[in-house]
Amino acid sequence: MGEITLPRRMFLWCMAAIYMCAFVSLYVQIPGLYGNDGLLPARWQLRYSGKPLVEQLLSSPTLLWLGPRVGLDTHTAMELLCLLGAALSLAATLVEALRDSLVFLCLWAFYLSLYQVSLCVFFCSLDNLLLETGFLCILVAPMTLIRGSRGVKEHDRVTFWLNRWLLFRLMFASGVVKLTSRCPTWWGLTALTYHYETQCIPTPLAWFAHQLPVWWQKLSVVGTFVIEIAAPFLFFSPLRRLRLGAFYLQVLLQLLIILSGNYNFFNLLTLTLCLSLLDDQHVHFWLRRPQRRETNTGTLWSRLCYLLEIAVWSLLIFGAIIGFDLQVDKLKNGVSSRTAFTFHQFNQFLKTVTIPCIWIGVLSLTWELLSSLFWCACVSGFLRRFWRMTQLSVFAVATVLMFTVSLVPFSYIEYDSHARLWPAVRRAHDMVHRYQLVNSYGLFRRMTGVGGRPEVVIEGSYDAITWTEIEFMYKPGNLSAAPPVVTPHQPRLDWQMWFAALGPQNQAPWFSSLMQRLLQGKADVIKLIQTDVSQYPFHRQPPAYLRAHRYRYWFTEPKADGSYPERWWRRVYDEEFYPTVHLGHTFLESMLSQYGLKDKSAPRRLSNSSTARAVRWVRSQVDGFSGHTIVWTLLACSATFCLLQGLFSRKKLGKPTSVTPEVADTEDDGSESGADETLDSCGMSEQQQEEEAEEEKDGTQDEEEEEEEEGEMDKAMLEKEEL
């Protein structure tokens, strides 16, 4: 694999931007979710019993234990961590020097602290992926603040490889679990005929995708299996073009998911992991920068590589045709498809390839280690070489340990392979599991809503006779409301409402707390439903009664004349989800008591420290703005700032000067430096200022030595002439 300088810096910039979106998205929802009057007050999760701080951190690794020591309650401490994380990630997005290992360590610690308090109620596997990728950033990012240099080191290739391994685990497991779950829609290739209307929060384009013919939907499922199960093996290919082909396949899949569904920062995070498949040469190709062609590659070897690449792609296409019995259907003017293998055959295939997948990872990592070791050995100077070797040894050990521990969640996809792992590996995984360093993944395991999208609709009333529906900002409710576009913001309550609708109400204990808070008229919870409180039907006075019904939703169909319908959705009544309750109702009180949701403690006084007042002031400034608006604004401003900074640097370096044949090459180098500066503003510069300073210093020393040698030679010639 070629140099990874530019992809590595692109990766760090993207991770800083994703962290910013995650912290800001969570910050605007903390009062309603974890505030003192929220659905699940955070103070319930952290009981300050007077134990030593170390013991508290070991029981639950969260920085929120430090809240009382600085005069903050748990809710305010959570907001402070979010603000610190958002500010630090925004600064890292704008300033490359802050894309440092210590900065990413702080971001990871902040997000892990918030994750621990939630007890995974309003967090999901997407947050696990952010935590795991965020920890890898600690190993990938340079130690600028300590070492003072952002130059590329030999061990960067080794640590950056972990992103490729994580991407492989994510995609391969997501494809495998669709078939191991025995879901009839995935086996029947009809999953996408339901997916677009039954996913958590669809986008407007999901309606149009749902109208595509069935044969195309089934063919799309075949393509999904090929991209998620077969293509990931190309991540470790020694042939560069095969890796690039796998990269574009993954990008295609993620972009289609982004266009049809709102999955917050998950798809952006997956695209960021895909950068581990690139090299500097391909990024230069994007920038249309000329590259020097290597002439040491033989023609015969190049032709053999081309033939091998053609053979691999032909094998993938042939395997898809045979495995899914693809045939041209002239009657329907489409392509017919069906699953041509059985569950037993696929299970045998999985048993056959799981352990070889691990060995492929071992061989790929070994190659990266040997390559880095070779380049370390080529460093001039004993002390510099010894220091580089020491650094490589430390990061190589960390990489090997991360890879080893990740084998436990990866092998969950096949029971026999998991049982064959060494017990020591499983014990090591158990020791670090609470820190979310490695996780198991398997998205869209089963397709829900086959009989219609289940949706819970809450209704309120003052007299228990006339009922008014309570409409949420993002989830489907109003039949005429268009699906929203909120990526990368994650409306966590709307997501949990989707999960709650899939089962009975006792599987969502927090729902009783939601009903109680709405009956009490708590503003923080109401803002989770409608940021603009005036749009909430009971904003003047809380309802006296509440109830919830479950409906079945479907996308509407185009009219017979081909015109679009007036409504996006149609629905039918299904059943009662939550009975009619009021404050003090027996059923509501019993549910709150059963799940420990009754707050018996006396209300706590708000802290009046300067830090607490500053946190409350920031809250007052953003109050009234929706989460997606704040996230989009910050993301757009930071991207625009980086772009303008890059253009300004490029313009500054590209000032017109007198052109002479002798300096023509120098101008070409200047234009390339301008492109580098453009990338540098977004965290993607090829050469850092420190490296350039070192090279310039070395060049100056070489010139001085040459001048001294020339002077000595001239002096010797003069002495010779005098003699």
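Me: Why are α17 and α18 called roughly antiparallel to each other?

Reply: This is a predicted model, in which local features need pLDDT of at least 70, side-chain atom pairs count only at pLDDT 80 or more, and totals for chains, interfaces and linings use all residues. Residues are numbered from 1 along each chain as its sequence is written, and side-chain values use heavy atoms, with hydrogens and water left out. The axes of helix α17 (residues 343-377) and helix α18 (residues 382-410) cross at roughly 175° and come within 10 Å. Angles over 145 degrees count as roughly antiparallel, and α17 and α18 are therefore given that name.

Me: What makes L189 buried or exposed?

Reply: Buried means under 20% relative accessible area, exposed over 50%, and partly exposed in between (1.4 Å probe, protein chains only). L189 has a relative accessible area of 0%, so L189 is buried. L189 also has a positive phi of about 65°, although L189 is not a glycine.

Me: How do you know whether N333 counts as buried or exposed?

Reply: The relative accessibility of N333 is 67%, and N333 therefore counts as exposed. N333 lies in the loop between β1 (327-329) and β2 (334-336), and phi of N333 is near 55°, a positive value in a residue other than glycine.

Me: What is the peptide bond from T487 to P488, cis or trans?

Reply: The bond from T487 to P488 is cis, with omega near 10°. P488 is placed in the loop between β4 (468-470) and α21 (492-501). Most peptide bonds are trans.

Conventions:
Axes fitted to C-alpha atoms, helices over the stretch in contact; angles between N-to-C directions. Helix = DSSP H or I, 4+ residues; strand = E, 2+ residues; numbered from the N terminus. Parallel < 35°, antiparallel > 145°, perpendicular 65-115°, else oblique.
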